[in-house]
Amino acid sequence: MTSKFWLVKSEPAEFSFDDLVTSPGRTTCWDGVRNYQARNFMRDGMRKGELVLFYHSNADPAAVVGVARIVREAYPDPTAFDASDPHFDPRSRAEAPTWVMVDLQAVERFTHAVALDALRKVKGLEKMALLQRGSRLSVQPVTSGEFALVRGLGQPEPV
DNA sequence: GCCAACGTTGGC
DNA sequence: GCCAACGTTGGC
């Protein structure tokens, strides 16, 4: 059973939803993921066309702020090969890349960002991975029901 | 800035 | 394989 919906975290000081919207083609490569579980979700789960909640972590407030779409499935993350990059990983070799990335395109902006404390109050989101104690995964699956609830609260408009 | 929770590393 | 030390995440 593969998830059809996802959530990604980004610190807006590093890369915000606005940064995605203003990127060429409203698209960016989701590089720099260095967690195996998150990597596996990208490599084994994410498929072209699936939708992604875009979450601002380390933000005030931390909140889901929009929706993106997967426009390219997993391919090698070149920042792992670049010794000058903060995400450099000498164990990742070009012949057998350890780390992958997908391409995400902005689809909708929430006119009402859905803050973390608001999410915690929503009946039906109790099991959402983001809300679990100690949850730190930067790429995580979301059920269709969870996605619909959050998207509804966000009152999205096309970007 | 604090610190709890978690993932990774490395000695043994 | 165990587990203590360490680094990172991310809410507050």
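**Questions on a predicted protein–DNA model**

Trainee: In which strand does valine 8 lie?
Mentor: This is a predicted model, in which local features need pLDDT of at least 70, side-chain atom pairs count only at pLDDT 80 or more, and totals for chains, interfaces and linings use all residues; side-chain values use heavy atoms, with hydrogens and water left out. Residues are numbered from 1 along each chain as its sequence is written, while chains are lettered from A and ligands numbered from 1 in the order in which they are written. Helices (H or I, at least four residues) and strands (E, at least two) are DSSP runs numbered from the N terminus. On that basis, valine 8 lies in strand β1.

Trainee: Is valine 8 buried or exposed?
Mentor: The classes rest on relative accessible area: buried is under 20%, exposed is over 50%, and partly exposed is in between, with a 1.4 Å probe and protein chains only. Valine 8 has a relative accessible area of 1%, and therefore counts as buried.

Trainee: What distance separates the C-alpha atoms of valine 8 and phenylalanine 54?
Mentor: Valine 8 has contacts (heavy atoms within 4.5 Å) with residues that include Trp30, Met46, Phe54 and Val139, not counting residues up to four places away in sequence. Phenylalanine 54 is 46 residues from valine 8 along the chain, yet their C-alpha atoms are separated by 5.4 Å.

Trainee: What is the radius of gyration of chain A?
Mentor: Chain A has four helices and seven strands, and its C-alpha trace spans about 45 × 30 × 30 Å along the principal axes. The radius of gyration is taken over C-alpha atoms, and the globule rule is 2.2 Å times the number of residues to the power 0.38. With 159 residues, a compact globule would come near 15 Å, and chain A agrees because its value is 15 Å.

Trainee: Which residue has a side chain joined to that of glutamate 108 by a polar contact?
Mentor: Glutamate 108 is found in strand β5 and counts as buried because its relative accessibility is 14%. A polar contact is a pair of N or O atoms within 3.5 Å; within protein, one must be able to donate a hydrogen and the other to accept it, and residues adjacent in sequence count only if both atoms are side-chain atoms. Such a contact, of 2.6 Å, joins the side chain of glutamate 108 to that of arginine 151.

Trainee: How far is a backbone N or O atom of asparagine 58 from a phosphate oxygen of DNA strand C?
Mentor: Asparagine 58 is found in the loop between β3 and β4, and has a positive phi of about 50 degrees although it is not a glycine. At 66% relative accessibility, asparagine 58 counts as exposed. A backbone N or O atom of asparagine 58 lies from a phosphate oxygen of DNA strand C at a distance of 3.1 Å.

Trainee: What is omega for the cis peptide bond that joins aspartate 60 and proline 61?
Mentor: Most peptide bonds are trans. Proline 61 is found in the loop between β3 and β4. The bond joining aspartate 60 and proline 61 is cis, with omega at about -5 degrees.

Trainee: What share of the atoms of DNA strand C that come within 4 Å of the protein is sugar and phosphate?
Mentor: A residue is near a strand if one of its heavy atoms lies within 4 Å of it. The residues around DNA strand C are Lys9, Tyr55, Ser57, Asn58, Ala62, Leu116 and Arg136. Of the atoms of DNA strand C that come within 4 Å of the protein, the sugar and phosphate share is 70%.

Trainee: Which residue has a side-chain N or O atom 2.4 Å from a base oxygen of DNA strand B?
Mentor: DNA strand B is surrounded by Asn35, Tyr36, Arg91, Arg133, Gly134 and Arg136. A side-chain N or O atom of arginine 91 is 3.0 Å from a phosphate oxygen of DNA strand B. The side chain that comes to 2.4 Å from a base oxygen of DNA strand B belongs to arginine 136.
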